[in-house]
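Here are some notes for a first reading of this structure. Please keep the sequence and the 3D view open while going through the points.

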Amino acid sequence: MKPVHTGWLLLLGATVALAVPKADAPDAYLNVPAAGNIVAVPVSTPGDVFLPPPIIDIPQDKAGDMIKLGRLIFTDTPRYARRFTGNALSCSNCHLSEGRKPGAAPLWAAWGMYPMPGNQPGEVWSFEARIQGCFRYSQNGQGPQLDSPEMTALVAYAQWLSTGAPARTELAGRGMFQQETLAGGAPTPASKPVYSVSHGQKVYQFQCAACHGADGLGVTRKDNSYQFPPLWGQASYGGGSPLAQVPKLALFVRANMPLGRGGSLSETDANDVAAYILSKPRPSDPRIGWRQRWREARK
Amino acid sequence: MKPRYFAALGILASVSAVSVVLARDWPYAQRPSAAMALGDPSGKLVDDPLRRAGERFIPPELNELPNNDWGKLVRLGRDIFIDTPTRAPKFAGNGLNCSSCHLGEGRKPDAAPTWAAWPMYPTYRGKNDDVNTFQMRIQDCFRFSMDGLMPPLQSTEIRAITAYAQWLARGSKSGQILPGRGFTPIKRDIEPSADRGRVVYQMKCALCHGHDGEGVKAADGKRYQFPPVWGDDAFNRGAGMYTVRTAAAWIKGNMPLGRGMSLPDQEAFDVALYLRLNDRPIDPRKGLISDWSRVMTGF
């Protein structure tokens with residue numbers, strides 16, 4: 001067979017695989033997606049979403065030094081905020097592209113919205129308290145003190161990243177999912193979501209395992225720092241993290257994963273892979289003691 | 001030499017001596033009533049409205065606040081801002097409110113409005129040679145201008161005032177220098193005179209602030225209707241207002257109340273120096289002895 005025939009056949013096969021509904025052919029996602037399926041989520045598109053300043057704009061003074069320190073902490077937390085972290089994750093493992101990417105909880109969209117009402121009655125979250133929550137739950141460590149240089153640096157970085165962003169204004173791309181920036185569209189509210197962990201395992205093996213590892217423990221570099229973050233295990237985020245809830249993790253996965261192909265997973269796949277990831281062991285919620293965990297496990 | 005020449009020389013010398021004495025502080029020391037009329041004609045009143053669309057940033061109205069937890073916190077912040085000794089008695093040390101300097105409840109341009117300050121923080125401050133968050137800046141206000149104690153960063157007072165300032169700045173762009181920020185520009189190369197300053201004070205300021213700088217109490221006998229400008233209930237020697245040029249810029253833009261920008265730069269500097277030379281609480285960063293030497297030398 002000549003090579004040109006092979007190419008045409010592959011293209012035909014990909015077309016057929018894409019045309020078949022996934023409900024009828026549950027193994028359709030086993031095919032590697034064709035190039036046309038890749039959805040580009042712009043990190044910086046003027047007029048479309050807010051455009052944070054480039055890092056070359058960081059001022060060359062002491063305030064700029066603090067901003068640079070904040071960026072280093074943000075992108076390499078286990079190294080630069082070592083005394084406060086408890087696992088291998090950096091801030092930028094969830095807040096992708098150094099906190100810039102829309103749909104991945106960008107800092108520039110969050111900065112202006114705080115202080116905001118919290119979950120408990122009478123509770124108001126400040127931006128600093130939110131950062132402390134990230135350290136405590138998602139990084140399984142301790143919240144930096146409010147007057148620590150780590151906290152000041154992170155706040156300075158967030159404030160600088162939102163240079164020009166209006167205060168107390170809802171910006172497009174805020175939070176974990178934005179229909180405007182995704183080809184997948186808004187998530188359809190499922191009346192009664194039923195998660196299939198086994199289906200999620202399949203999705204994981206074919207879509208996620210290449211980077212995060214078949215065992216979900218991430219990929220390390222030579223110096224034991226993580227190139228791709230662990231998704232479960234003791235080096236991953238704890239049970240108190242927002243991403244330890246299946247709906248929120250599904251939103252994050254759907255908007256951002258696989259890396260660079262956000263919006264390519266279907267809602268069912270995202271839900272199931274989230275359920276699969278969260279069925280694995282991870283550090284516990286520090287707010288819940290072993291007695292309550294044991295009681296809940298028996299239910 | 002004939003005696004009449006001596007007489008002529010004596011007359012000449014006495015006239016010149018008298019004229020030198022007269023010219024020393026002319027026109028203020030000798031004929032203040034002729035130099036400055038107490039009541040300027042109404043046409044000279046300077047109109048500096050708080051809300052002038054297009055020229056100044058317009059902070060939101062109080063009735064735009066929602067009635068949720070966040071809105072209550074913002075209202076508490078406003079209450080503390082305009083009635084600090086009553087609402088924050090643990091931390092306020094004198095008779096001043098935040099709004100004694102940040103006029104118009106922190107809204108007035110050229111009186112360090114909080115809506116113009118919020119987008120600039122965290123920032124580097126030469127006062128303590130460090131990058132400070134907005135909350136740390138508020139702490140310094142309490143420590144120096146209110147001669148009190150620093151509220152802890154997680155205290156309700158700090159959180160409320162921060163929420164109030166951030167709400168006033170809603171819609172302002174992060175990192176943007178807004179017109180009306182800080183104090184109005186004032187000349188640097190001015191030699192102030194405390195003698196002239198005393199006269200200007202007695203003529204233009206004493207009506208409200210008292211002839212001995214003691215302020216005017218409200219009807220309840222506790223709160224101040226017009227704040228003291230020196231003495232035990234005024235700002236201490238570590239405050240920004242203790243710096244002559246800073247105080248002069250504030251006075252030029254805002255005093256006499258409602259007639260901002262009516263004093264020439266020279267008179268603003270004179271009054272500022274006169275205020276500085278009066279007695280007030282010591283700088284808490286310094287010991288009593290080192291600050292006493294500052295008192296004795298005048299600077």
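1. Helices (H or I, at least four residues) and strands (E, at least two) are taken as DSSP runs and numbered from the N terminus. Counted in this way, chain A has 11 helices and four strands.

2. This is a predicted model, in which local features need pLDDT of at least 70 and side-chain atom pairs count only at pLDDT 80 or more, while totals for chains, interfaces and linings use all residues. Residues are numbered from 1 along each chain as its sequence is written, and chains are lettered from A in the order in which they are written.

3. A residue is called buried if 20 or more other C-beta atoms, placed from the backbone, lie within 10 Å of its own; such residues make up 43% of the 299 residues in chain A.

4. A nonpolar core is a set of buried Ala, Val, Leu, Ile, Met, Phe, Trp, Tyr and Cys residues joined through C-beta atoms within 7 Å. The largest one has 68 residues, and A:Y157 and A:L249 are among those that touch the most other members. Its largest share, nine residues, comes from α7(A).

5. Two residues are in contact if their C-beta atoms, placed from the backbone, lie within 7 Å. Leaving aside residues up to four places away in sequence, A:Y157 touches A:I67, A:G70, A:R71 and A:F74.

6. Where chains A and B meet, the contact takes 29 residues from chain A and 26 residues from chain B. On the side of chain B that touches chain A, α8(B) gives the largest share, five residues.

Technical notes: A residue is buried if 20 or more other C-beta atoms lie within 10 Å of its own, exposed if 12 or fewer, and partly exposed in between; C-beta atoms are placed from the backbone.
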